[in-house]
Amino acid sequence: MAAASASSSLSLLPRTLNHHSSTPHPNRLALSGLTPKTQALRTRHGRRARATVRAAAVETLEKADTSLVEKSVNTIRFLSIDAVEKANSGHPGLPMGCAPMGHILYDEVMRYNPSNPYWFNRDRFVLSAGHGCMLQYALLHLAGYDSVKEEDLKSFRQWGSRTPGHPENFETPGVEVTTGPLGQGIANAVGLAAAEKHLAARYNKPDNEIVDHYTYVILGDGCQMEGISNEACSLAGHWGLGKLIAFYDDNHISIDGDTEIAFTESVDTRFEGLGWHVIWVKNGNTGYDEIRAAIKEAKAVKDKPTLIKVTTTIGYGSPNKANSYSVHGSALGAKEVDATRKNLGWPFEPFHVPEDVKKHWSRHIPDGAALEAEWNAKFAEYEKKYKEEAAELKSIITGELPAGWDKALPTYTPESAADATRNLSQQCLNALAKVLPGLLGGSADLASSNMTLLKMFGDFQKGTPEERNVRFGVREHGMGAICNGIALHSGLIPYCATFFVFTDYMRAAIRISALSEAGVIYVMTHDSIGLGEDGPTHQPIEHLASFRAMPNILMLRPADGNETAGAYKIAVLNRKRPSILALSRQKLPQLPGTSIEGVEKGGYAISDNSSGNKPDVILIGTGSELEIAAKAGDELRKEGKTVRVVSLVSWELFDEQSEAYKESVLPAAVTARVSIEAGSTFGWEKIVGTKGKAIGIDRFGASAPAGKIYKEFGLTVEAVIEAAKAV
């Protein structure tokens, strides 16, 4: 498997890449000095925050006159209306209400290059309220992104469309992260902003701030209600992410009706308590100067993220459906579309962009190219003065791994001391941190138990953002989504950790990792009933099976040191596919026959005394139970049996091997198979077949020391031998 590298083709869009590719998104930047290969590239009860305007200006492009702004805003509204109407599916209300703030952001404030959506130093935009995606598609279309042409708007929500029903980063260049499940986007935005702050702290110099961009996000009442937003925004305030600016679409409406029925807290007060600067724009419908002033104030606040509460009317302009839940999630209908056209004085046919609006927005293509060229020149100067830092930053941005990085991984022999794979994991992490400058991460308040501390670095904090140990606190869900943002920001390699059972608290974020091709490394310890006395609340049973059922994710359960090192090698290489490492609390021996190379195949034989690919029986184990299978194999061989013992560390990797290789490990003719794993037997019939036997646990666990509980649950050498004789 080759190390990750940047693509050289501007025409190669992320949606055309292999979903399991280890290469990063193309064209994250065009850097002078790079090789040609990498160069192409509402609350009603809220208090109005003090309107103290600080002395820093919003960097704006040439401001249009108000009439043209209104025309542009209505263009955004009607592109959204028309696309939803044509699809007869979608959410027109948010785009109609948020068009003014969207226009000002994309037309006057944000720095980006439509010709290279992956230019590194661009400002990032996240539509956390992803159901309103036609807002973003309309903005990308007007700004000149090739990914959203008129025909794409006309194919909104259709098969194969680059304008799907919620923003998807792997489908639409210009979309930074995949949003849809509410709250994920704002948490992703926290990760994007944290990545910017971290890289700026490490690489900026007094005479050259080479990392300097903002993260903007629009979120709605639904995002505010989801608990994940509070987890992530609490960390954003704690970390002082001054370049994170969130616009809260305060429109008082959710799917079930007015938010008065369920959501009456003071969002302003809550965010002030979380350490955010809060501003209230009372007229988000036509208050263009209010929105501009709020952004100016937000950018002047350097030590806090800012929440701009923008009070809007959902479905603004619709005479009969505005300010109602009926405009939230369905097309207006032909009659109401006509009424809205008349109400807003819009005489144009569907999908029409007036020439003066088109001309006004057309400047973003040359201006974006100029912004990138200016930054490339700035980087060239940086590279001359700071060669080492420039080379390191370049490797992070492009995702190119240092030559021979995997040689840093530790290896073990059967004579090496027995140890828990969580401890062996920490050895791997600390070895990799020395050779992978983009590796950073942490735990949900369990670092000393997950064994995830990078011993040579300090803590990523408000005052020390250059450090690489991230303290997430007890916020599993927010942690996962923040790591998605970090992974999708550039070539950073984030890892995060908790107990394996608590993946239940973060499953939605892990699923988005897989869907959006964010190569987060999930370090999950206490992987079985082997954790013992904590009991069934802490003992994962169904979790291995559930993640094996999830597309585009690697579920790895290493058995010892060599397999743990192999799991990390795979996880680092897979930058477009997340990995979960399930690691033991209890000590395990270093087994003969295990290897890093074997892990790369997903499944392989660690011992075999048969010939002709015809063993009498095949014993299959994962993780801590591989030792049990190996011991049972030894006993059966004493009785004259030919036995193959197989480590099936990753079902996904094994499935991807050639049919010839899979046959060499699990020959179809050998139906005498026994598997053993301290988890649900669900799915194992695929491996052992109808004539085989799967030993596992199909009930919740219990409190007892590890040895006792293994015996009581029948996870023993004797049970494997008995099953082997029966099959």
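Mentor: In this predicted model, the stretch of residues 419–590 is 34% helix and 17% strand, and its end C-alpha atoms are 8 Å apart. UniProt, in an unreviewed entry, lists residues 419–590 as "domain: Transketolase-like pyrimidine-binding".

Strand β12, residues 521–525, pairs with β14 in the parallel sense over four bridges. Within that pairing, Tyr522 has Ile580 of β14 as its bridge partner. Strand β13, residues 554–556, also runs parallel to β14 and is joined to β14 by three bridges. Here the bridge partner of Leu554 is Ser579 in β14.

The loop between α20 and β14 holds Arg575. This residue is buried yet has no salt bridge; Glu517, the nearest side chain of opposite charge, is 12 Å away. What does the side chain of Arg575 reach instead? One polar atom of this side chain lies 2.7 Å from the backbone oxygen of Gly519. The side chain of Arg575 also reaches the backbone oxygen of Ala571, at 2.9 Å.

Salt bridges do occur elsewhere, and the structure holds 38 of them. In one, Lys71 pairs with Asp356, with the closest N and O atoms 3.0 Å apart. Lys71 belongs to helix α2 (residues 66–87) and Asp356 to helix α12 (residues 355–361), so this pair ties together parts 285 residues apart in sequence. Lys71 is partly exposed, with a relative accessible area of 25%, and Asp356 is likewise partly exposed, at 35%.

A further salt bridge joins Lys243 to Glu196, where the closest N and O atoms are 3.4 Å apart. It links distant parts of the chain, with Lys243 in the loop between α8 and β3 and Glu196 in helix α6 (residues 184–203), 47 residues apart. Lys243 is partly exposed, with a relative accessible area of 22%, whereas Glu196 is buried, at 4%.

Asp655 and Lys686 form another salt bridge, with their closest N and O atoms 2.8 Å apart. Asp655 lies in helix α23 (residues 651–655) and Lys686 in helix α25 (residues 685–688), so the pair ties together parts 31 residues apart in sequence. Asp655 is partly exposed at 35% relative accessibility, while Lys686 is exposed at 53%. Salt bridges that share partners also join Asp406, Lys407, Lys569 and Glu600 into one network.

The unreviewed UniProt entry gives "binding site" for Asp221, Asn251 and Ile253. These residues are spread over 33 residues of sequence but cluster in space, the largest C-alpha distance being 7.7 Å. Asn251 sits in the loop between β3 (244–250) and β4 (253–254), and it counts as buried because its relative accessibility is 5%. The side chains of Asn251 and Asp249 are joined by a polar contact of 2.9 Å. Ile253 belongs to strand β4 and is also buried, at 7% relative accessibility.

Definitions and conventions:
Residues numbered from 1 in each chain as written. Predicted model: local features only at pLDDT ≥ 70, side-chain atom pairs only at ≥ 80, totals over all residues. Heavy atoms only, no water. UniProt positions renumbered as here; feature names shortened; annotations may be inferred. Helix = DSSP H or I, 4+ residues; strand = E, 2+ residues; numbered from the N terminus. Buried < 20%, exposed > 50% of the residue type's maximum accessible area, 1.4 Å probe, protein only. Polar contact = N/O pair within 3.5 Å; in protein donor to acceptor, adjacent residues only side chain to side chain. Pairing = 2+ DSSP bridges. Lys, Arg positive; Asp, Glu negative; His and termini not counted. Salt bridge = Lys/Arg side-chain N within 4 Å of Asp/Glu carboxyl O.
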